[in-house]
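Visitor: I would like to learn how to read this model. Please take me through it one feature at a time.

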Amino acid sequence: MMIKLFSRLASPFRLNQAGIMGMNQRNIRYIGRYNDRRLYPLVDDKLKTKLIAQQAGATVPELIGVIDSQAHVKQIHAMVANWPGFVIKPAQGSGGKGILVVTKNHQGVYTKASGKAVSHNDVERHITNTLAGLFSLGGKADVAVVENLIAFDDSFAGFSYEGVPDIRVIVFQGYPVMAMMRLSTSASDGKANLHQGAVGVGLDIATGEALKAVQFNRPITHHPDTDHDLYTLKVPHWQQLLTLAASAWEMTDLGYMGTDMVLDKDKGPMVLELNARPGLAIQIANGCGLLPRLRLIESLPPKRYPPMPDDRAAFSMQYFAGQSTQPLQPTLAKTG
């Protein structure tokens, strides 16, 4: 998809010279080389991801409960009775599929962000479909994870439509190399999924400020539903969030991954999901290619004591500012 999109503008040779990474290169050169397949279950299962993130001291959305068999489906109503809102998601889902968000739960009446009511039968049917593997990777039998709602930071008001905006950061060898914010729209049904019509906003690694915005791979300047100026977006607590993303390397040992995070107004940056096969649309959202940044990290001399997550985040903020990749300083290249 990436190659087809950019091929309208340039030849494969020019794309490579511009540092644009294609799917085959991603799969063979980076995922295949740096991600041990035995580690995939750590990130393909959201329950396991939540556990390893908590063990590492990261904040995650609060777990309400898990439904793992058809016999327990009707227990959902008692499980969420005292929660003002909740989210139901498949543990092994991908691409935002199978996520049901109930923003209001008043006296057992469920309502989505759109104001549409969701019946008890609808919720039970959704869980049944989840257990059957309708939304999971490979159609495997799954479990339904029930979580508390995230109260997204007030600074994002007007930037998203009926959904919580999340931040995707590509992390390579523990270094954050590229980031974007995904904003839900009416077209994406309140989900932060670019393929379904969410807006992708490329973020400056140095500052967390907007660089470029796209929807359906086309540049835009304002949110299609709220008309909010997307170029005014700036993510608060940026260095803290980037350090959290960098720490996913220690959590998983995966060399190339996507970290999906949210910013809760009370609890700050949270780990939402980790992904061993992150997509490439982040290059479109940023208006630049991944390859120069990945190659710079690969060129770093080995160190006896690897830098900590905050040091790696600081390095990325220095060398990947804006849409450029700065060359290594000679002293760093020589001494490491």
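Visitor: Where in the protein is confidence lowest, and where is it highest?

Guide: This is a predicted model; local features need pLDDT of at least 70, side-chain atom pairs count only at pLDDT 80 or more, and totals for chains, interfaces and linings use all residues. Residues are numbered from 1 along each chain as its sequence is written, and side-chain values use heavy atoms, with hydrogens and water left out. pLDDT is the predictor's confidence in each residue, from 0 to 100. Helices (H or I, at least four residues) and strands (E, at least two) are DSSP runs, numbered from the N terminus. Helix H1 (residues 2-7) is lowest, at a mean of 48. Strand E10 (residues 199-203) is highest, at 98. The protein averages 91.

Visitor: Which strands pair with E13?

Guide: Two strands pair if DSSP finds at least two bridges between them. Strand E8 (residues 166-172) pairs with E13 in the antiparallel sense, over six bridges. Ile 167 has Met 261 of E13 as its bridge partner. Strand E14 (residues 268-275) also pairs antiparallel with E13, over seven bridges. A hairpin of three residues joins E13 to E14.

Visitor: Is E13 enclosed or open, and why?

Guide: Buried means under 20% relative accessible area, exposed over 50%, partly exposed in between (1.4 Å probe, protein chains only). Nine of the nine residues of E13 (residues 256-264) are buried, so the strand is largely enclosed by the rest of the structure.
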